[in-house]
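Dear colleague,

Please find below the structure that I am handing over to you. I would be grateful if you could look through it before reading my notes.

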Amino acid sequence: MSGEDALGRPLGRRRRVGEPERPAGPPRPATRGVRVLLRAAADAYADDAMRGPALRDLLTPLDRPLTVGLAGRIKSGKSTLLNALVGARVAASDATECTQAVTWYRYGQVPRVMVHPRRGPAWQSPAMVGRTGLEIDLRGAAADQIEQVEVAWPAPALHALTLVDTPGLDSLSATASRRSQEFVSAGAETSAIDVVVYLVRQVRRSDVRYLEDLQRLRGPGAAASTIAVVARADEVGAGRIDALVSAERLARHHREDPDLAALCATALPVAGLLAETAQTLRPEEAADLCTLAALDREVVEELLLSVDRFRRPSLSVPVSAGARAGLLDRLGMFGVRTCLALLRGNPMDAPALADELTRRSGVEELRRCLDGAVERRERALTVDALTRMLELVGHEDRVPDVARAARALLAAQPGAPAGGPALSLGAAAP
């Protein structure tokens, strides 16, 4: 398959002109209605020591974003994928093991980092963004001395999603590895994780064993709320221009594998680095790529023979060696090849190129799965909240209008799934 043929394959949904990039939307109308009814009922029973607090407690789950835990081996691409979902380079990622402690990323109006040690008071770390992500001051503490890190960040995506980065399951630190397994594998009743995104490259027997443990420990609904991601998909096939096509075939193979299909809802290919850089692409980077793409085809093909060739300082091309090295760091060889093929004879500005890279990265398919999980969770919580509210106020005469409205709203909802609000994520299209 030629580079142009590979680039012609539809590997994601093209965002329509003017369509937002998926900032978190408002809650579904039914969920908004439940909030109104719960507040009205709680106000009416404010003097009731049992019903008043119980009704207000029903609001808490409705206000909590979907919590997504990212798990996998060391260097499977968890932090890079998290950055792509956030839309900012906040989680550190480089050639070494970066995630040493369970790290929560939540929405906050201003950046804020809190470090929670296993013993002693928490401290605030400066929200300093370095070359590869946030530089978090652990004050010299070892990984096994840190309970968790909390990052608040003003990213629209974090309105609907709380993302949790975990150490590699085969971490160099046995404590970090064990804590990562314990965190995402907690019992279904106590786990803070709604959906697990498990990153794999080639599925090994150890990955299957971990997913089996995950299903056993999380209980009913674990498989339906687990997504397998063929991570670093741009590296499948040694970074060739058709790497994502190869990764797509690998993901389809995983979806059709009965052993893996029984342990997760779907398997998707995602080029995390491509998706991350698309979210943070700078105008000067797009301009340098356009300059390289405009060179003679033979010069470009020679430039792309290898990483060493592309970086070589002695090359006489109108983009400096430092800028070329930066492009490789941000895009990888596959990303650079993809950009130059896209831009040859078709110059784009940074936003247009970013849109195309996002579409090709596969991250939009993952976002759709998570969007669906948010909607299904809201439906389940709506049914649960209405049912419990009617148990508390259904036979009282303080709020007859509220009770009638709650019954009508409940009758309009699909029934709660058997065994609780499991999050069936559906299967990706072959």
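The model is predicted, so local features need pLDDT of at least 70 and side-chain atom pairs count only at pLDDT 80 or more, while totals for chains, interfaces and linings use all residues. Residues are numbered from 1 along each chain as its sequence is written, and side-chain values use heavy atoms, with hydrogens and water left out.

The chain as a whole

The secondary structure comprises 17 helices and eleven strands; helices (H or I, at least four residues) and strands (E, at least two) are DSSP runs, numbered from the N terminus. Of the 430 residues in the chain, 50% are buried, where buried means under 20% relative accessible area, exposed over 50% and partly exposed in between (1.4 Å probe, protein chains only). Among contacts with a separation of 6 or more, 75% are between residues 24 or more positions apart; contact means heavy atoms within 4.5 Å.

The sheet

Nine strands form an open, mixed sheet in the order β4-β3-β7-β2-β8-β1-β9-β10-β11. Two strands pair if DSSP finds at least two bridges between them. The edges are β4 (123–125) and β11 (266–269), each with a single partner strand, so one side of each has no neighbour in the sheet. From one strand to the next, the twist averages 25°. Strand β3 (residues 112–117) runs antiparallel to β4 and is joined to it by three bridges; Val113 has Ser125 in β4 as its bridge partner.

Helix α5 (residues 78–86) packs on this sheet, and the strands it touches include β1 (66–72), β2 (103–107) and β8 (161–165). The direction of α5 makes about 165° with that of β8; axes are lines fitted to C-alpha atoms, for helices over the stretch in contact, and angles run from 0 to 180 degrees between N-to-C directions. Helix α7 (residues 205–218) lies across β1, β9 and β10, at about 170° to β9.

The helix contacts

Nine of the nine residues of α5 are buried, among them Lys78 and Asn83. Gly87 follows α5 and has a positive phi, near 90°. The axes of α5 and helix α16 (residues 363–393) come within 11 Å and cross at roughly 75°. The two helices are therefore roughly perpendicular (angles of 65 to 115 degrees count as such, under 35 as roughly parallel, over 145 as roughly antiparallel and the rest as oblique). Leu81, Ala84 and Leu85 of α5 meet Val363, Leu366, Arg367 and Leu370 of α16. This contact of α5 with α16 has six nonpolar residues, no polar and one charged; Ala, Val, Leu, Ile, Met, Phe, Trp, Tyr, Cys and Pro count as nonpolar, Asp, Glu, Lys and Arg as charged, and the others, Gly among them, as polar.

A second pair is helix α10 (residues 272–280) and helix α14 (residues 321–343), whose axes come within 9 Å and cross at roughly 125°. These helices are therefore oblique to each other. Residues making the contact include Leu273 and Thr277 of α10 and Arg330 and Phe334 of α14. By class, the contact of α10 with α14 has four nonpolar, four polar and two charged residues.

A loop residue

Val110 is found in the loop between β2 and β3 and is exposed, with a relative accessible area of 56%. Val110 and Trp153 lie 43 residues apart in sequence, but 6.2 Å apart in space, C-alpha to C-alpha. Leaving aside residues up to four places away in sequence, Val110 touches Ala152 and Pro154.

With kind regards
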